[in-house]
Amino acid sequence: MPTMGSRQPLVPVLPSTDARRARVVSVSQRTAMANRILASIPPEDSQRLSRELEPVALRFDQTLYEPGKAIKYVYFPIDCLVSLLTAVDRRRTLEVGMVGNEGMAGMPFILGVGVSGVRALVQGAGRALRMASVPFRIEFDRNPALQQALYRYTYALMAQISQTAACNRFHEADQRLARWLLMTSDRVGADDFALTQEFLAHMLGLRRVGVTEAASELKRRKLIDYTRGQLRILDRRGLKKVSCACYEIVNLVFARAQRH
Amino acid sequence: MRLTDEQASRAPEAPPAPAAPDPHQNHLLDALPASDFERLAPHLEHFALDLGDVLYEPGVQMRYVYFPTTAIVSLLYVMEDGASAEIAIVGNEGILGISLFMGGESTPSRAVVQSAGYGYRMRAQLLKDEFGRFGPLMHLLLRYTQALITQMAQTAVCNRHHTVDQQLCRWLLLSLDRLACNELTMTQELIANMLGVRREGVTEAAGKLQDAGLVKYRRGKITVLDRPGLIKRSCECYAVVKKEFDRLLPYKAL
């Protein structure tokens, strides 16, 4: 389970700057603002939304969605991290997207599709706000701000998935591992993670020996320390240099999608 | 519209020119209720999509959306060094330009005509207006978006785990599902850009399929001879994508 480090997450919690507004904001509304999508909803709408949002604590490796199964809840991460995975069989998988507090898990629901196409599992334990799918649907249909925010997020997520497709055509394992570590670290706000090689193998679509090789390369260059399932980033700048450009490109896409 | 295997073996070799072009030849448009279709019809312009035409470039504002009828368009991701790989394929089952209603004014990928043919185009603003009506077109477009996302995700895992000739098979099969014949007119360069390999890689991949009697590959035309054989040779990614499209967009057969 990733431990909390001293660095701020990539997408910071928005502080409530309006003092008057702060007085009428309920506890759950304040919490809701810790998710970027929810924070972009105007106060009048978000009050109604907050009533349907339920805080939950998500465990590492917990499965939120299975491909082909109905989506019962959508999740707005606060400080947890969700991985979206596709597979060709039980053994050969690939993480195609990461959802942190900049987004929402359960995106097919926005598109009117009640079933997930990918597997969603919790990569970084932490808190989220969940909402049952029926109330979410009702709220989504009547809330233009929520629609805008989620369509924009869908665009960013599609760009992330496209990037991953191209990345896996061209980039080497050590580049992809470096990118993955940077993306994860940004979203959980930590430099230390407990990670098995098997877990990394599932995320990166490698066999364990591929993970060992890629990790050894990063260790050799003193960019990470990785022993007995505990990985620590030692040199972020160096890691960025090894990473493929996909890291910066995805950052840019998300930054643009949030700027409106 | 897809030919049965029996029909495919009897199909003419050349792609048919549209005898009487009709927007109904695009499945998305065809699935609209008559009143919605009639409202859009005057704004749909029949348009030739020639081999290699670039319909969208990343970062460039989109002025039109496109509904292919007989052309196949690839969404290509272009890397910094100029190398490219296909992310998804769009034909008569879909639309080019969904970024518009997702709040993006441009696309993250390049849209290139991979197999020449025709389509309809419509001004981008009109699509946005239509989307804003919260009617049948919006629902169709959103479901189509989900199908496209599944395709992109499957392309990612396919690129990771499968071989180039399996990917070529997948691409040929998805294209055939979107055409009325069993022949594609392409160039080696376009196939190379689509697969993310150099030309030698294309010759090799296509050569393997030809040696196995699955395709005839000659002077820029690939003719599929044995569709069931191609399915056997392809990776499971073709079936996954096809199943998702059939599930989300249960179009009636044309």
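**Chain A**

I checked burial and found that 52% of the 260 residues of chain A count as buried (20 or more other C-beta atoms within 10 Å of the residue's own, with C-beta atoms placed from the backbone). This is a predicted model, in which local features need pLDDT of at least 70, side-chain atom pairs count only at pLDDT 80 or more, and totals for chains, interfaces and linings use all residues. Residues are numbered from 1 along each chain as its sequence is written, and chains are lettered from A in the order in which they are written.

I counted 12 helices and 10 strands in chain A; these are DSSP runs, helices being H or I of at least four residues and strands E of at least two, numbered from the N terminus.

I took the chain A contacts with a separation of 6 or more: 75% of them join residues 24 or more positions apart. Two residues are in contact if their C-beta atoms, placed from the backbone, lie within 7 Å.

**Contact between the chains**

I found 30 residues from chain A and 35 from chain B in the contact. On the chain B side, β5 (84-90), α5 (136-161) and α10 (237-248) each supply at least two residues. The largest share, 16 residues, comes from α5(B).

**α10(B)**

I compared the length of α10(B) with expectation: its 12 residues should span 16 Å at 1.5 Å a residue, and the end C-alpha atoms are 17 Å apart, which agrees. The expected span is 1.5 Å times one less than the number of residues.

I listed buried residues in α10(B), among them B:Val241, B:Glu244 and B:Phe245. Their cover includes α5, α6 (164-177) and α9 (227-233) of chain B.

Technical notes:
A residue is buried if 20 or more other C-beta atoms lie within 10 Å of its own, exposed if 12 or fewer, and partly exposed in between; C-beta atoms are placed from the backbone.
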